[in-house]
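Please walk through the structure shown below, starting from the way two of its chains meet and ending inside single chains.

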Number of protein chains: 4
Amino acid sequence: MKKNNTEEKLKIHFTKDLTDKERATFETGIKLGALYHILCGIPINTNENVIRSIENGIEQAISCQPYVKSVKINLRRENLKGIKENEFDYDEISGKTIEADLVVQFRKVEVKAKIEWIKELKYPLMYISELKVLEK
Amino acid sequence: MKKNNTEEKLKIHFTKDLTDKERATFETGIKLGALYHILCGIPINTNENVIRSIENGIEQAISCQPYVKSVKINLRRENLKGIKENEFDYDEISGKTIEADLVVQFRKVEVKAKIEWIKELKYPLMYISELKVLEK
Amino acid sequence: MKKNNTEEKLKIHFTKDLTDKERATFETGIKLGALYHILCGIPINTNENVIRSIENGIEQAISCQPYVKSVKINLRRENLKGIKENEFDYDEISGKTIEADLVVQFRKVEVKAKIEWIKELKYPLMYISELKVLEK
Amino acid sequence: MKKNNTEEKLKIHFTKDLTDKERATFETGIKLGALYHILCGIPINTNENVIRSIENGIEQAISCQPYVKSVKINLRRENLKGIKENEFDYDEISGKTIEADLVVQFRKVEVKAKIEWIKELKYPLMYISELKVLEK
């Protein structure tokens, strides 16, 4: 099935008065919510090869989803523990560790968004840093 | 910390030109993405008590998140198998089973959204069915 | 398909020299690993109704799996924060919060097992507290 | 903390009459249960680079856990769909797709285990294919 056909078939489910920008921020939220909950609880340690493999694996997975233009996960090394000298010395990915940059495009609208741990509030904030209409 | 203080502190991270509607649809997407990935893979069978307990548990969990006004999960019984006569006769929650209704409110904007399995496209669509500014 | 038929069909995959006790502890491990990773990342706050609904939902889910005789989840209230006065004041389930008791029966072997946060080691230990052959 | 110290501190929680083999199969079960539930729901398509990145990322993650000697994930390509020509044409990892080989060592006991989709029973079986005491 062609992409445009599918989009038309899905569009009928959405309320008519939704702008492309509102739709684009909605799609962005979906991807951030998914990315966060896929990462939560995954075992990890401070080995750079381990960290990069996990980042890369989940980046590739999120890239499969509709409207994702790019995604970059940057797990915060300084919040991880574990050196695998001790069998039990490993960690699990949680909000404190997750940092990610996402670019979503819906039609001509491009959204740049981020997940970041806000230390002061002890909160893994998901926010939109840029919202623009692409010229072309 | 008071709610308004926190909101002010978080707001500075967002791009200035984001409307309340765009922010509201973003927050809605986050919750749907989370809800979907929390449910995926949970063991289940056709026992009504089991199904309702899982629905209720995850509804309560999603309700803890910011801006969630209400959430109703309705796992599709007709797509589940398993009767627990046979030890191995159970199922796992997947896109085909997940149906949910979510109402999010950001400031005066209310968003009604849904997750629904679109049979024709074999796709678990997340969409916005209503977007309105509350009068008051 | 009858339970005994299914068990026979599955048994051929296992190495012949596995005792019922070894099989029983294997099945116990599977359920604890699943339980832990299903719970990780679920949003929660200190509201007793929220906590009990989540505990109950995941207990019912784990009970669907083969050989599970009983399961009791006891999320550690003292390690949770969030009162929902502030939109952002909620928490997420992690190793520090998860405590659970599981009883598994494979044939005549009964296993009692537990997940518990070991403070001194900052480690969510899964262990077997009792292993016995039921008389009957 | 040294590994042996930690192991001693954890050992006191286990029932005394547990053999090394029973402990080894328990630890094996934990890892398979975790691996399965971490993979469930991750977006994927048929692109070989995407598949290998996900396999590699989760292999590295599971390798961080205690007693894991090796782990090889082999997602079943023939059960995946999605070519990313169409935005919506992707898939999600589920029991049908997950195949994995795990080797666990506890003291001198080595366990070889597997997750495999049993077509006839429509069941993602986790089983032990070899259990032996290493000479040395």
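How much area do chain B and chain A bury between them, and what share of it is on carbon and sulfur atoms? The two chains bury about 3000 Å², with 73% of it on carbon and sulfur atoms; buried area here is the accessible area, taken with a 1.4 Å probe, that two parts lose on being put together, summed over both. The model is predicted: local features need pLDDT of at least 70, side-chain atom pairs count only at pLDDT 80 or more, and totals for chains, interfaces and linings use all residues. Residues are numbered from 1 along each chain as its sequence is written, chains are lettered from A and ligands numbered from 1 in the order in which they are written, and side-chain values use heavy atoms, leaving out hydrogens and water.

The contact (heavy atoms within 4.5 Å) takes 34 residues from chain B and 34 residues from chain A. On the chain B side, His13(B), Phe26(B) and Leu121(B) lose the most area to chain A, together 19% of what that side buries. Of the interface residues of chain B, 100% are also interface residues in chain A, so the copies meet through the same surface.

Two copies of a chain are related by a rotation about an axis and a shift along it.

Within chain A, the axes of helix H2 (residues 20-39) and helix H3 (residues 48-63) come within 11 Å and cross at roughly 145°. Helices (H or I, at least four residues) and strands (E, at least two) are DSSP runs numbered from the N terminus; axes are lines fitted to C-alpha atoms, for helices over the stretch in contact, and angles run from 0 to 180 degrees between N-to-C directions. Lys31(A), Leu35(A), Ile38(A) and Leu39(A) of H2(A) meet Ile54(A), Ile58(A) and Ile62(A) of H3(A).

Chain D holds an open sheet of four strands in the order E2-E4-E5-E6, with antiparallel pairing; two strands pair if DSSP finds at least two bridges between them. Its edge strands are E2 (68-73) and E6 (123-133) of chain D, each pairing on one side only. Five bridges join E2(D) to the antiparallel strand E4 (residues 100-106) of chain D, and Val68(D) stands opposite Val104(D) in E4(D). Helix H3 (residues 48-63) of chain D packs on the sheet, touching E2 and E4 of chain D, and its direction makes about 165° with that of E2(D).
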